[in-house]
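Biologist: Hi! Could you walk me through the aromatic residues and the ligand surroundings in this one?

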Amino acid sequence: MPIALIVLAAGQGTRMNSDLPKVLHEVGAAPLVAHALRAGWALEPERVVVVAGHGAEAVTRAVRAWDETAEVVLQAEQKGTAHAVAQAAPALAGFAGDALVLYGDTPFIRPGTLSAMAEARARHDIVVLGFEAADPGRYGRLVMRGEELLRIVEWKDASENERAIGLCNSGVLMADAALLLDLVGGVGNDNASGEYYLTDIVALARARGLSAGVVTCEESETLGINTRAELLAAERLFQDRARAAALEDGVSMPAPETVHFALDTVIGRDAVVEPHVVFGPGVTVESGARIRAFSHLEGCHVSRGAVVGPFARLRPGTELAEDVHVGNFVEIKNATLGEGAKANHLSYIGDASVGERANIGAGTVTCNYDGVFKHRTEIGARAFIGSDTMLVAPVRVGEGAMTASGSVITQDVPDGALGLGRAAQVNKPGFARRFMERLKAAKARQG
Ligand code: UD1
Ligand code: MG
């Protein structure tokens, strides 16, 4: 059955006290809306529609970064969850299949839970995801008769008896897309909030003789984010889960509680991640690589056998081939290092390609920026870059070439050549001794 995913993400999130739309706040270095999209991918949706409102342009950019084919529709005024779903109607015109509704601010729905909902669709026209809340608070309540869901009542509109129900509405639901869009069209706003409630579709469907049922999940899966404190709680939960998943996948981590993961971090089996490593977005680390303590990685790929850190920084566009060594206080950006290349100490390598087995001496800097443009540095295979070399890009150091320590290299160095770009040394015999004596005598005269 083809699936369309509808993600509701129009809310401003006033309680975040932020200029950023709520769904762009991040957990695991990814916007909340990306978590919802990824959760939905579990059902391999054919169509993805995100309903945006506050900060729609920024939300659109973020959504597209995670799913190029997602459609973003605008809900200019937030009149309620049913009204939000109705905005997806034009985008889903003619779509035959099921629609799954997720909230953009609810990042932890598990794939297995969504599969269970898809299975339950064989028994019910509408399947709602519910949970037993430790504190049901103001959640909507699921009014059941046996296995049948009769209706959902919002807390504000509920009677005392209904408020006593512990089974709550997560907001996630699934139904035939055409039916869902038809039903939301019939929802009114005659209720305590004056909003168009998506939850009303259950009673409307039953009035047509259709059936509704419930799949339940852990309360932690339905954790929605409304405040900074809840965002922090979500981050902690995300990190706990990511650490546990990495250990499960065979990653060696002596202090997992100090390692920070991003939503899309991928780490191979038997890779070692030492304490206090931070993974920003877009990092893959292959099996058997070692990320040593206090390193910060984002947008990079680390191949098998490579060793990174301690105290290394890999920035976006870094590609380390097998057995590369990147040592302490080395920063790499938008650069590829070929197999077995080494940059072990105190260097900046940006907008560069470094050939296999090249050795970058301590203190080497690729001077890649002239204040307006960025330029590339090419370092050939087996080149030896002497310590404290400034490589003023654009510049190429050939295969097997060398640069003398302390050189400022402004011209290409041919293959196999030595580039020497520093003032020649002059020794002045006895000068230091005479100079010091003169200074000491001057001091003695001053008393
Ligand atoms: C909703 C449910 C409630 C459930 C709770 C779970 C309704 C009427 N109520 O209540 O039964 O227990 O979620 O958290 O659905 N949104 C829009 N456009 C709108 C309104 C909302 O995009 O016009 C989005 C919000 O950004 C949010 C989600 O829909 O991501 C839910 O809206 P919210 O206002 O938080 O609904 P609740 O009152 O929490
Ligand atoms: Mg809510």
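Predicted model: local features only at pLDDT ≥ 70, side-chain atom pairs only at ≥ 80, totals over all residues.

Biologist: How many aromatic pairs does the structure hold?

Modeller: There are five aromatic pairs. Rings of Phe, Tyr and Trp (its six-membered ring) pair if their centres lie within 6.5 Å; planes under 30 degrees apart are stacked, over 60 edge-to-face and the rest tilted. One of the pairs is phenylalanine 294 with phenylalanine 311, stacked at 5.0 Å centre to centre with 5° between the planes.

Biologist: Where do phenylalanine 294 and phenylalanine 311 lie?

Modeller: Phenylalanine 294 is in the loop between strand S16 (290-291) and strand S17 (296-297), and phenylalanine 311 is in the loop between strand S19 (307-308) and strand S20 (313-314), so the pair ties together parts 17 residues apart in sequence. Strands here are DSSP runs (E, at least two residues) and helices are runs of H or I of at least four, numbered from the N terminus. Phe294 and Phe311 also form one aromatic cluster with Phe329.

Biologist: And what about phenylalanine 431 and phenylalanine 435?

Modeller: They are stacked too, at 5.7 Å centre to centre and 20° between the planes. Phenylalanine 431 and phenylalanine 435 are four residues apart in helix H9 (residues 431-446), so about one helical turn separates them.

Biologist: Switching to charges, what sits over the ring of tryptophan 155?

Modeller: The charged end of arginine 163 does, 3.8 Å from the ring centre. The rule is NZ of Lys or CZ of Arg within 6 Å of the ring centre and within 35 degrees of the ring normal.

Biologist: Now the ligand: which residues come nearest to ligand 1?

Modeller: Gln75, Gly80, Thr81, Glu154 and Asn169 come nearest, out of 19 residues around ligand 1. A residue counts as near if one of its heavy atoms lies within 4 Å.

Biologist: How far is the glycine 140 backbone from an oxygen atom of ligand 1?

Modeller: A backbone N or O atom of glycine 140 is 2.9 Å from a ligand 1 oxygen. For alanine 10, a polar backbone atom is 3.1 Å from an oxygen of ligand 1.

Conventions
Residues numbered from 1 in each chain as written. Chains lettered and ligands numbered in written order. Heavy atoms only, no water. Polar contact = N/O pair within 3.5 Å; in protein donor to acceptor, adjacent residues only side chain to side chain.
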